[in-house]
Amino acid sequence: MTSGFAIGVATVACAEESTPDFYIHELAPINFFGTTVHITTTHVCTLIVLCTIMILAVAARNSVLKHKDKPTKFSAAVEIAISTLLSFVKGSMGKAGKNYINYIGALFTFVFFSNISGLFMLRPPTADYGTTLCIGLISFCMIQYAAIRYMKLNYLKGMFEPIFLFFPINVISELAIPVSLSLRLFGNVLAGTVMMALYYGMLPIFAKIGIPSALHVYFDLFSGAIQAYVFCMLTMTFVADKRSEEA
């Protein structure tokens with residue numbers, strides 16, 4: 001009886017170890033005004049990503065300022081990245097893009113580094129809908145601010161066009177912006193995370209040699225860069241659309 005029980009426990013343990021782990025884990029409970037909340041893997045990975053971005057930003061600033069006359073490879077790469085960002089934003093938003101360069105740059109950097117964090121054995125923060133929804137809501141607030149500031153009363157008037165019966169539909173279309181932005185990013189990043197977890201969890205050891213690098217390049221690096229680009233492009237498109245309808 002004892003040996004049978006031991007065999008059963010060992011079987012369950014092996015099954016648990018072989019189960020693909022792509023879930024968000026609760027790491028530490030915190031009492032927040034009488035309510036218990038948990039620090040999760042998303043919080044930890046987000047903090048690591050933010051610290052990495054801060055370190056790189058400080059290093060980039062110091063390198064550019066220190067090597068103005070004779071740029072190093074790193075400072076030259078930083079200047080190329082900034083120049084590319086300027087062209088990217090101005091090409092999408094025109095002259096108005098100068099007011100949004102800082103936000104789009106910060107947005108792209110965070111989303112991109114979050115998406116590729118799987119390369120460094122982290123669970124991408126953008127594979128958590130709580131993260132992508134917050135980013136989507138921030139962009140949504142910027143879009144609405146642009147609409148109210150530049151369209152003024154025409155923004156409210158546009159909600160009743162072409163006829164007043166379309167008001168509910170127009171409101172829903174506006175509220176769908178943060179949902180569509182956040183779900184698109186979340187779904188694509190989570191899909192890559194699940195695929196990699198399934199690969200590592202279900203295939204034998206000999207099949208994990210060499211092949212995962214190619215999969216990481218696609219699911220983390222290539223797909224991550226594309227999703228960051230799409231998210232920023234849609235944000236700029238929505239903002240530019242509101243500004244183009246300025247009264």
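Student: How many residues of the lining of the largest cavity are nonpolar, how many polar and how many charged?

Tutor: The model is predicted, and the lining in it divides into three nonpolar, six polar and one charged residues. The residues concerned are N115, P124, N188, V189, G192, T193, F219, D220, S223 and G224. Aspartate counts as charged, so D220 is the charged one.

Student: What is the volume of that cavity, and which helices each supply at least two residues of its lining?

Tutor: The volume is about 50 Å³. The helices are α7, residues 167-202, and α8, residues 211-244. The structure holds one cavity of 30 Å³ or more.

Student: How much space lies in the largest pocket?

Tutor: A pocket is an open set of points, whereas a probe placed in a cavity cannot get out. Here the largest pocket holds about 860 Å³. It is lined by 23 residues, and the closest to its centre are A81, I82, L85, G105 and T109. By class, that lining has 18 nonpolar, four polar and one charged residues.

Student: Which helices each supply at least two residues of the lining of the largest pocket?

Tutor: They are α2, α3 and α4.

Student: Let us turn to the overall fold. How many helices and strands does the chain have?

Tutor: The chain has eight helices and two strands. Along the sequence, the pattern reads α-β-β-α-α-α-α-α-α-α. Of the 247 residues, 32% count as buried. Among contacts between residues at least 6 apart in sequence, 66% join residues at least 24 apart.

Student: Which residues of α2 are buried, and what covers them?

Tutor: The buried residues are T41, T42, C45, T46, V49, I53, A60 and S63. The elements that cover them include both β1 (26-32) and β2 (35-40). Also among them are the helices α3 (73-93), α4 (101-116) and α5 (129-151).

Student: How many disulfides does the count come to?

Tutor: A disulfide is a covalent bond between the sulfur atoms of two cysteines. In this model the count comes to zero disulfides.

Student: Is C232 buried or exposed, and how does C134 count?

Tutor: Buried means under 20% relative accessible area. C232 has 0% relative accessibility and therefore counts as buried. C134, at 47%, counts as partly exposed.

Student: Where is K152 found, and what is its phi?

Tutor: K152 is found in the loop between α5 and α6, the latter covering residues 153-158. Phi of K152 is near 55°, again a positive value in a residue other than glycine. K152 is exposed, because its relative accessible area is 53% and the cut-off for exposed is over 50%.

Methods. Residues are numbered from 1 along each chain as its sequence is written. This is a predicted model: local features need pLDDT of at least 70, side-chain atom pairs count only at pLDDT 80 or more; totals for chains, interfaces and linings use all residues. Side-chain values use heavy atoms; hydrogens and water are left out. On a 1 Å grid over the protein atoms alone, a cavity is a set of points where a 1.4 Å probe fits but cannot get out, and a pocket is an open set with protein on both sides within 12 Å along at least five of seven lines; lining residues have an atom within 4 Å of a point. Grid points are joined across faces, edges and corners, and a volume is the space filled by probe spheres set on the points. Helices (H or I, at least four residues) and strands (E, at least two) are DSSP runs, numbered from the N terminus. A disulfide is a pair of cysteine sulfur atoms within 2.5 Å. Buried means under 20% relative accessible area, exposed over 50%, partly exposed in between (1.4 Å probe, protein chains only). Contact means heavy atoms within 4.5 Å.
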